[in-house]
Amino acid sequence: DAVSAVDLLGYVPGKLRILGVDARQVRTFRDAPQSPGDAMLDLPPSVVSGWMLPWSRLYAKLLPASHLRRAEGTEVLCASGRHGEEEQPTYGGDVLVVAFSASQGEPEWFGVLEKVLRCERPQISREATRNFEDCFSEVFGRQVAEEDMPLKNDGSKNSPEFQLAARRAIAAMWLDGPDVQRKSTDRDFAGGNPVRRLRDFDVLSLCDTNAQWYLDTEHLVLNVEAHLREITRRYRRVMLIGTSMGGFAALSHAHIAHSVAVFGPQTDLLISHLRPGMGRSELVDASQRLRDNVHKALAAGTRIEFHVASEDHLVYARSLPLPRGSLIVHPLIGRIARVLESSGMLVPLLRDLVQELQDDAGAQVPRISREAVDFAAIVEMRGTACDPRSKAWDWESDEQDIQVGKWSADNDLSFVLVSGRQLALLCDNPPKLGEWFCTHCWRHFEEKALECSDCGSCEAALRARRIGYPWMQQPEREWRNGKQGQWKNRHQQGHQQHQRQQQQQWQSNDVVREPVASSSSLTFLVHAMRR
């Protein structure tokens, strides 16, 4: 009622980060006799208003991306008409992004998508796709030899030869060679044109609060597909995004979208470590329905981009064959959506996909992926379409049809084609977010390690390449003769002296009264004062 609306919106604390309300609540607040005349202008930017859609037990909220974080002076979204009147939301236009929430609520899609609209950094390079041999020769200065590709099924996986080959393969995906040209961060990689700002687009956030994977059950029918068809017909282009449980839902409804971007989704509920509380037959039917709808989507030309890290979700990815270039494996450990968000790479990825849809919608051309159509025709002809026994790749294959993400140190994500055997090397012992490489023995260590525990090199502790932080300024470095262990860092003496000074101060329990130079110095000061 009016009194509750005034109590809610009349006195919003200044320290409140976000207050999500419905556009009808804002209208009630505006029309309330207790509200001041300029009440709408006094609402702080932390008040985010949208349309709560009446979709039964399914949380559904629709609003423009520009209102996910309102700028100063922008009036909050408000329903028109009078209180008590039935009113449809104001929607329709070029692009709609439907975000399916995961069971653990990560990432928070509203927070991610409000950054997508403001993102202007071109970090995705899709034009030139290299192969594994190119990256290997750039880093090591030689071609891939026979000892660099040992067989995995000959019992030698734990041999020193196999471990060294795996370390070299992973290092080739994370290190840059001496002749790599640095790219500009304010120009588009494709043609050198200035980066364009995105036009506004609508966002529909969905959350299955019952954790039944957006599926209909005997006791609760959500009708997700019917609701989506009703709203998506008002837009020229539709993209579905999701991770884990939300990724399963996005793939299950891929046939009603033009683009689908999923991050570590579940594809087979029978083998998923998290799954809804259903019987075996219901889980089988839901997984088969996902495969059927993915095949329909590919046959219609829907573009699917499937991101996964080198962890258990890679097993789920192998059970869903996709066109070449649709699957992107990132050679590191961790939940991929969380890792991409922490490293600042998730927003540019989504921005790139939204830009494609806006360009197609503006040109009024059909949104058809020829690779998807051709792939659907091939599997249909082979009779393997929707077959749960078919696999996306063979671990012993030498055909390079798997795409791996290569994160460089200059704000760039490019793509490398690898074979099943090469992917097996990359998955043997992948690094974690924040770890660093020793350029003597090619091992990787956690961030707090001060030196390489294998070869004892202090030079390696300079963190010549940290994992998962491509946007950070790396220490200035030079490459001498392209050989192992020949990384020369101009900050070597200063870094080692700083580490020795910290250890001496800790042992003597003295605090040097100097300006704090880094976060590590601040950490030391805090611990010393506590002692």
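Begin with the cysteines: a disulfide here is a pair of cysteine sulfur atoms within 2.5 Å, and by this rule the count comes to zero. This is a predicted model, in which local features need pLDDT of at least 70 and side-chain atom pairs count only at pLDDT 80 or more, while totals for chains, interfaces and linings use all residues. Residues are numbered from 1 along each chain as its sequence is written, and side-chain values use heavy atoms, with hydrogens and water left out.

Next, select R236 and D94, which form a salt bridge (a side-chain nitrogen of Lys or Arg within 4 Å of a carboxyl oxygen of Asp or Glu), with their closest N and O atoms 2.3 Å apart. R236 lies in strand β7 (residues 235–243) and D94 in strand β4 (residues 93–100), so the pair ties together parts that are 142 residues apart in sequence; strands are DSSP runs of E, at least two residues long, and helices are runs of H or I, at least four, numbered from the N terminus.

Now move to E114 and R118, whose side chains meet in a salt bridge at 2.8 Å, N to O. Both lie in helix α4 (residues 109–118), four residues apart, about one turn of the helix.

Finally, select E356 and R303, where the salt bridge has an N to O distance of 2.4 Å. This pair links distant parts of the chain, with E356 in helix α12 (residues 346–363) and R303 in strand β9 (residues 303–309), 53 residues apart.
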